[in-house]
Amino acid sequence: MTGIMSRGLKEGMKTSWTLGKVIFPITLLVTILQYTPVLPWVMEKLSPLMRLIGLSGEAAVPLVLGNALNLYAGIAAIVSFDFSVKEVFIMAVMLSFSHNLFIESAVASRVGVSWWLIVGIRVTLALIAAIVINIVWNGGTEMAQYGLISSDIADPIGWGAIILQGLQTAIIAIVQLACIVIPLMVIMQFLREKGWLSILSNKFAPFTRLLGMEKNTSMTMVAGLTIGLAYGAGLMIQAVEEDNVSKKDMLLALIFLVSCHAVVEDTLIFIPLGIPVWPLLLIRLTTAILLTLAIAYIWKRVDYSKNRKEATNEHRYNTL
(Lines give C-alpha, C1' and ligand atoms only; values in the text may rest on other atoms or scores of the structure.)
Protein backbone atom coordinates (compact mmCIF):
# COMPACT_ATOMS: atom_id res chain seq x y z
CA MET A 1 0.00 0.00 0.00
CA THR A 2 2.85 2.37 0.90
CA GLY A 3 4.56 1.58 -2.39
CA ILE A 4 1.39 2.39 -4.35
CA MET A 5 1.01 5.70 -2.49
CA SER A 6 4.65 6.57 -3.18
CA ARG A 7 4.38 5.80 -6.89
CA GLY A 8 1.07 7.68 -7.14
CA LEU A 9 2.53 10.75 -5.37
CA LYS A 10 5.52 10.66 -7.69
CA GLU A 11 3.27 10.55 -10.77
CA GLY A 12 1.07 13.30 -9.32
CA MET A 13 4.01 15.62 -8.62
CA LYS A 14 5.46 14.93 -12.06
CA THR A 15 2.16 15.68 -13.77
CA SER A 16 1.51 18.79 -11.65
CA TRP A 17 4.95 20.11 -12.61
CA THR A 18 4.32 19.40 -16.30
CA LEU A 19 0.93 21.14 -16.27
CA GLY A 20 2.07 23.91 -13.93
CA LYS A 21 4.74 25.03 -16.39
CA VAL A 22 1.90 25.72 -18.83
CA ILE A 23 -0.68 27.14 -16.42
CA PHE A 24 1.48 29.55 -14.38
CA PRO A 25 2.83 31.85 -17.14
CA ILE A 26 -0.46 31.93 -19.05
CA THR A 27 -2.52 32.75 -15.95
CA LEU A 28 -0.07 35.46 -14.91
CA LEU A 29 0.02 37.03 -18.37
CA VAL A 30 -3.74 37.05 -18.97
CA THR A 31 -4.51 38.33 -15.47
CA ILE A 32 -2.16 41.28 -16.05
CA LEU A 33 -3.45 41.92 -19.59
CA GLN A 34 -7.02 42.46 -18.38
CA TYR A 35 -5.84 45.66 -16.65
CA THR A 36 -4.08 46.98 -19.76
CA PRO A 37 -5.55 48.45 -22.98
CA VAL A 38 -5.03 45.10 -24.76
CA LEU A 39 -8.20 43.25 -23.70
CA PRO A 40 -10.43 46.37 -24.04
CA TRP A 41 -9.05 46.77 -27.58
CA VAL A 42 -9.91 43.15 -28.36
CA MET A 43 -13.42 43.65 -26.95
CA GLU A 44 -13.93 46.73 -29.13
CA LYS A 45 -12.87 44.83 -32.25
CA LEU A 46 -15.26 41.98 -31.43
CA SER A 47 -18.32 44.20 -30.96
CA PRO A 48 -19.44 43.95 -34.65
CA LEU A 49 -19.24 40.15 -34.43
CA MET A 50 -21.41 40.21 -31.30
CA ARG A 51 -24.27 41.81 -33.23
CA LEU A 52 -24.09 39.07 -35.89
CA ILE A 53 -24.82 36.38 -33.28
CA GLY A 54 -27.62 38.25 -31.52
CA LEU A 55 -25.58 39.83 -28.73
CA SER A 56 -24.98 43.41 -27.69
CA GLY A 57 -21.50 44.92 -27.81
CA GLU A 58 -21.10 44.51 -24.04
CA ALA A 59 -21.24 40.72 -24.50
CA ALA A 60 -17.68 40.89 -25.84
CA VAL A 61 -16.46 41.53 -22.28
CA PRO A 62 -17.61 38.24 -20.67
CA LEU A 63 -16.75 36.25 -23.80
CA VAL A 64 -13.20 37.58 -23.97
CA LEU A 65 -12.63 37.16 -20.23
CA GLY A 66 -14.24 33.71 -20.21
CA ASN A 67 -12.12 32.54 -23.12
CA ALA A 68 -8.94 34.14 -21.82
CA LEU A 69 -9.42 33.17 -18.16
CA ASN A 70 -12.21 30.79 -17.13
CA LEU A 71 -15.97 30.40 -16.76
CA TYR A 72 -15.97 32.19 -13.42
CA ALA A 73 -14.38 35.28 -14.95
CA GLY A 74 -16.97 35.18 -17.75
CA ILE A 75 -19.85 34.86 -15.29
CA ALA A 76 -18.46 37.68 -13.13
CA ALA A 77 -18.46 39.87 -16.25
CA ILE A 78 -22.00 38.82 -17.26
CA VAL A 79 -23.48 39.99 -13.96
CA SER A 80 -21.80 43.36 -14.49
CA PHE A 81 -24.22 44.16 -17.34
CA ASP A 82 -27.94 43.94 -18.02
CA PHE A 83 -28.57 41.18 -20.56
CA SER A 84 -31.72 39.39 -21.71
CA VAL A 85 -32.26 35.72 -20.87
CA LYS A 86 -31.59 34.85 -24.51
CA GLU A 87 -28.29 36.74 -24.51
CA VAL A 88 -27.18 35.06 -21.29
CA PHE A 89 -28.15 31.64 -22.65
CA ILE A 90 -26.20 32.24 -25.88
CA MET A 91 -23.15 33.34 -23.89
CA ALA A 92 -23.51 30.33 -21.55
CA VAL A 93 -23.54 27.91 -24.50
CA MET A 94 -20.61 29.68 -26.16
CA LEU A 95 -18.56 29.69 -22.96
CA SER A 96 -19.41 26.03 -22.32
CA PHE A 97 -17.78 25.15 -25.63
CA SER A 98 -15.04 27.75 -25.54
CA HIS A 99 -13.52 28.89 -22.23
CA ASN A 100 -10.09 29.03 -20.61
CA LEU A 101 -8.73 28.54 -24.12
CA PHE A 102 -5.06 29.19 -23.48
CA ILE A 103 -4.64 26.90 -20.49
CA GLU A 104 -7.05 24.07 -21.31
CA SER A 105 -6.03 23.88 -24.95
CA ALA A 106 -2.32 24.13 -24.16
CA VAL A 107 -2.60 21.45 -21.49
CA ALA A 108 -4.63 19.18 -23.78
CA SER A 109 -2.07 19.66 -26.56
CA ARG A 110 0.55 18.02 -24.31
CA VAL A 111 -0.78 14.65 -25.47
CA GLY A 112 0.31 15.42 -29.02
CA VAL A 113 -2.76 17.03 -30.61
CA SER A 114 -2.30 20.41 -32.28
CA TRP A 115 -3.16 23.41 -30.08
CA TRP A 116 -4.60 25.21 -33.10
CA LEU A 117 -6.88 22.27 -33.90
CA ILE A 118 -8.26 22.19 -30.35
CA VAL A 119 -8.82 25.96 -30.26
CA GLY A 120 -10.31 25.96 -33.75
CA ILE A 121 -12.86 23.26 -32.88
CA ARG A 122 -13.92 24.97 -29.65
CA VAL A 123 -14.29 28.45 -31.16
CA THR A 124 -16.11 27.11 -34.24
CA LEU A 125 -18.58 25.15 -32.09
CA ALA A 126 -19.22 28.24 -29.97
CA LEU A 127 -19.95 30.43 -32.99
CA ILE A 128 -22.15 27.87 -34.75
CA ALA A 129 -24.16 27.26 -31.56
CA ALA A 130 -24.67 31.00 -31.06
CA ILE A 131 -25.86 31.51 -34.65
CA VAL A 132 -28.29 28.55 -34.48
CA ILE A 133 -29.75 29.60 -31.11
CA ASN A 134 -30.14 33.19 -32.28
CA ILE A 135 -32.05 32.05 -35.38
CA VAL A 136 -34.15 29.29 -33.82
CA TRP A 137 -35.11 30.77 -30.43
CA ASN A 138 -37.46 33.72 -30.56
CA GLY A 139 -38.09 33.89 -26.80
CA GLY A 140 -35.96 34.94 -23.84
CA THR A 141 -36.48 38.66 -24.35
CA GLU A 142 -37.06 39.34 -20.64
CA MET A 143 -34.15 40.63 -18.59
CA ALA A 144 -32.10 37.98 -16.82
CA GLN A 145 -32.19 37.80 -13.02
CA TYR A 146 -28.81 36.97 -11.55
CA GLY A 147 -29.91 35.77 -8.12
CA LEU A 148 -27.31 36.06 -5.35
CA ILE A 149 -24.25 36.43 -7.56
CA SER A 150 -22.20 39.50 -6.76
CA SER A 151 -19.75 41.18 -9.10
CA ASP A 152 -18.44 43.60 -6.47
CA ILE A 153 -14.74 42.83 -6.79
CA ALA A 154 -12.20 45.58 -6.10
CA ASP A 155 -9.67 46.19 -8.89
CA PRO A 156 -5.99 46.45 -7.95
CA ILE A 157 -4.46 49.93 -8.05
CA GLY A 158 -1.02 50.38 -9.58
CA TRP A 159 1.27 48.01 -11.47
CA GLY A 160 2.67 46.53 -8.29
CA ALA A 161 -0.80 45.48 -7.11
CA ILE A 162 -1.70 44.21 -10.59
CA ILE A 163 1.42 42.03 -10.84
CA LEU A 164 0.90 40.82 -7.27
CA GLN A 165 -2.67 39.80 -8.09
CA GLY A 166 -1.42 38.04 -11.22
CA LEU A 167 1.17 36.11 -9.20
CA GLN A 168 -1.40 35.23 -6.54
CA THR A 169 -3.89 34.07 -9.16
CA ALA A 170 -1.25 31.95 -10.92
CA ILE A 171 0.00 30.40 -7.67
CA ILE A 172 -3.55 29.63 -6.53
CA ALA A 173 -4.23 28.01 -9.91
CA ILE A 174 -1.18 25.75 -9.47
CA VAL A 175 -2.12 24.85 -5.88
CA GLN A 176 -5.69 24.03 -6.93
CA LEU A 177 -4.34 21.94 -9.78
CA ALA A 178 -1.99 19.99 -7.48
CA CYS A 179 -4.72 19.45 -4.86
CA ILE A 180 -6.81 17.70 -7.50
CA VAL A 181 -4.19 16.04 -9.70
CA ILE A 182 -2.01 14.48 -6.98
CA PRO A 183 -4.84 12.66 -5.11
CA LEU A 184 -6.32 11.69 -8.47
CA MET A 185 -3.05 10.15 -9.64
CA VAL A 186 -2.71 8.27 -6.32
CA ILE A 187 -6.22 6.88 -6.76
CA MET A 188 -5.51 5.97 -10.38
CA GLN A 189 -2.26 4.23 -9.37
CA PHE A 190 -4.19 2.23 -6.77
CA LEU A 191 -6.91 1.30 -9.27
CA ARG A 192 -4.32 0.40 -11.87
CA GLU A 193 -2.23 -1.88 -9.65
CA LYS A 194 -5.27 -3.55 -8.04
CA GLY A 195 -6.79 -4.31 -11.44
CA TRP A 196 -9.91 -2.23 -10.84
CA LEU A 197 -9.05 0.12 -13.68
CA SER A 198 -9.61 -2.69 -16.15
CA ILE A 199 -13.05 -3.33 -14.64
CA LEU A 200 -14.00 0.36 -14.94
CA SER A 201 -12.68 0.47 -18.49
CA ASN A 202 -14.78 -2.56 -19.42
CA LYS A 203 -17.92 -0.90 -18.01
CA PHE A 204 -17.36 2.24 -20.07
CA ALA A 205 -16.01 0.40 -23.10
CA PRO A 206 -19.35 0.10 -24.98
CA PHE A 207 -19.66 3.90 -25.04
CA THR A 208 -16.10 4.45 -26.21
CA ARG A 209 -16.51 1.78 -28.91
CA LEU A 210 -19.72 3.47 -30.05
CA LEU A 211 -17.67 6.61 -30.59
CA GLY A 212 -14.99 4.71 -32.52
CA MET A 213 -12.40 4.38 -29.74
CA GLU A 214 -10.78 1.44 -27.98
CA LYS A 215 -11.61 0.73 -24.33
CA ASN A 216 -8.23 1.97 -23.07
CA THR A 217 -9.48 5.53 -23.65
CA SER A 218 -12.39 5.07 -21.23
CA MET A 219 -10.67 6.51 -18.13
CA THR A 220 -9.53 9.50 -20.14
CA MET A 221 -13.15 10.09 -21.12
CA VAL A 222 -14.43 9.66 -17.56
CA ALA A 223 -11.80 12.06 -16.20
CA GLY A 224 -12.54 14.72 -18.79
CA LEU A 225 -16.31 14.44 -18.39
CA THR A 226 -16.16 14.73 -14.61
CA ILE A 227 -13.23 17.00 -13.76
CA GLY A 228 -12.49 18.81 -17.01
CA LEU A 229 -9.70 19.18 -19.55
CA ALA A 230 -7.11 20.94 -17.39
CA TYR A 231 -7.35 18.53 -14.46
CA GLY A 232 -8.08 15.48 -16.61
CA ALA A 233 -5.01 16.15 -18.75
CA GLY A 234 -2.91 14.34 -16.16
CA LEU A 235 -4.74 11.11 -16.93
CA MET A 236 -4.55 11.82 -20.65
CA ILE A 237 -0.78 12.21 -20.52
CA GLN A 238 -0.43 9.05 -18.44
CA ALA A 239 -2.77 7.17 -20.78
CA VAL A 240 -0.61 8.01 -23.80
CA GLU A 241 2.58 7.01 -21.98
CA GLU A 242 1.40 3.84 -20.18
CA ASP A 243 -1.85 2.56 -21.71
CA ASN A 244 -0.71 2.68 -25.36
CA VAL A 245 -3.66 4.85 -26.40
CA SER A 246 -3.35 5.40 -30.15
CA LYS A 247 -3.10 8.85 -31.68
CA LYS A 248 -6.45 8.33 -33.39
CA ASP A 249 -8.22 7.38 -30.16
CA MET A 250 -6.68 10.27 -28.23
CA LEU A 251 -7.70 12.68 -30.97
CA LEU A 252 -11.28 11.36 -30.91
CA ALA A 253 -11.34 11.55 -27.11
CA LEU A 254 -10.12 15.13 -27.18
CA ILE A 255 -12.65 16.10 -29.86
CA PHE A 256 -15.40 14.73 -27.62
CA LEU A 257 -14.01 16.39 -24.49
CA VAL A 258 -13.39 19.82 -25.99
CA SER A 259 -17.08 19.78 -26.87
CA CYS A 260 -18.27 18.40 -23.55
CA HIS A 261 -16.15 18.27 -20.39
CA ALA A 262 -16.67 18.90 -16.67
CA VAL A 263 -20.38 18.48 -17.38
CA VAL A 264 -21.54 18.76 -13.77
CA GLU A 265 -19.56 21.82 -12.67
CA ASP A 266 -19.74 23.68 -15.98
CA THR A 267 -23.52 23.23 -16.07
CA LEU A 268 -24.42 23.93 -12.45
CA ILE A 269 -22.49 27.21 -12.23
CA PHE A 270 -24.90 28.78 -14.75
CA ILE A 271 -28.00 28.10 -12.62
CA PRO A 272 -27.72 31.39 -10.65
CA LEU A 273 -27.88 33.31 -13.94
CA GLY A 274 -31.54 32.35 -14.36
CA ILE A 275 -31.23 30.38 -17.60
CA PRO A 276 -32.46 26.84 -18.47
CA VAL A 277 -29.48 24.53 -17.85
CA TRP A 278 -30.92 21.22 -19.12
CA PRO A 279 -30.93 22.46 -22.74
CA LEU A 280 -27.37 23.68 -22.16
CA LEU A 281 -26.26 20.20 -21.07
CA LEU A 282 -28.14 18.45 -23.89
CA ILE A 283 -26.64 20.77 -26.50
CA ARG A 284 -23.13 19.97 -25.29
CA LEU A 285 -23.63 16.20 -25.08
CA THR A 286 -25.41 15.94 -28.42
CA THR A 287 -22.80 18.06 -30.18
CA ALA A 288 -19.93 16.05 -28.67
CA ILE A 289 -21.45 12.69 -29.66
CA LEU A 290 -22.39 13.70 -33.21
CA LEU A 291 -19.07 15.46 -33.89
CA THR A 292 -17.01 12.52 -32.60
CA LEU A 293 -19.07 10.01 -34.56
CA ALA A 294 -18.62 12.08 -37.72
CA ILE A 295 -14.83 12.38 -37.28
CA ALA A 296 -14.56 8.65 -36.47
CA TYR A 297 -16.54 7.77 -39.61
CA ILE A 298 -14.40 10.04 -41.81
CA TRP A 299 -11.21 8.63 -40.28
CA LYS A 300 -12.43 5.07 -40.90
CA ARG A 301 -13.30 5.83 -44.53
CA VAL A 302 -9.92 7.47 -45.12
CA ASP A 303 -8.10 4.47 -43.60
CA TYR A 304 -10.22 2.09 -45.68
CA SER A 305 -9.44 3.96 -48.89
CA LYS A 306 -5.75 4.13 -48.01
CA ASN A 307 -5.53 0.40 -47.21
CA ARG A 308 -7.46 -0.48 -50.37
CA LYS A 309 -5.14 1.63 -52.49
CA GLU A 310 -2.07 0.05 -50.90
CA ALA A 311 -3.51 -3.43 -51.46
CA THR A 312 -4.23 -2.60 -55.12
CA ASN A 313 -0.72 -1.26 -55.66
CA GLU A 314 0.78 -4.34 -54.00
CA HIS A 315 -1.32 -6.63 -56.20
CA ARG A 316 -0.21 -4.81 -59.32
CA TYR A 317 3.42 -5.04 -58.21
CA ASN A 318 3.11 -8.80 -57.60
CA THR A 319 1.55 -9.42 -61.03
CA LEU A 320 4.36 -7.67 -62.87
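## Pocket lining

The residues that line the second largest pocket of this predicted model comprise 20 nonpolar, two polar and no charged, where Ala, Val, Leu, Ile, Met, Phe, Trp, Tyr, Cys and Pro count as nonpolar, Asp, Glu, Lys and Arg as charged, and the others, Gly among them, as polar. In total 22 residues line this pocket, and Leu 46, Leu 63, Val 64, Asn 67 and Leu 101 lie nearest its centre. A pocket is here an open set of points on a 1 Å grid over the protein atoms alone, where a 1.4 Å probe fits, with protein on both sides within 12 Å along at least five of seven lines, and lining residues have an atom within 4 Å of a point.

## Basis of the values

Residues are numbered from 1 along each chain as its sequence is written. Local features need pLDDT of at least 70 and side-chain atom pairs count only at pLDDT 80 or more, while totals for chains, interfaces and linings use all residues, and side-chain values use heavy atoms, with hydrogens and water left out.

## Aromatic pairs

The structure holds three aromatic pairs, a pair being rings of Phe, Tyr or Trp (its six-membered ring) with centres within 6.5 Å, called stacked for planes under 30 degrees apart, edge-to-face over 60 and tilted for the rest. In one of them, Phe 89 and Trp 137 are edge-to-face, because their ring centres lie 5.6 Å apart with the planes at 80°.

Phe 89 is buried at a relative accessible area of 5%, whereas Trp 137, at 26%, is partly exposed (buried means under 20%, exposed over 50%, partly exposed in between, with a 1.4 Å probe and protein chains only).
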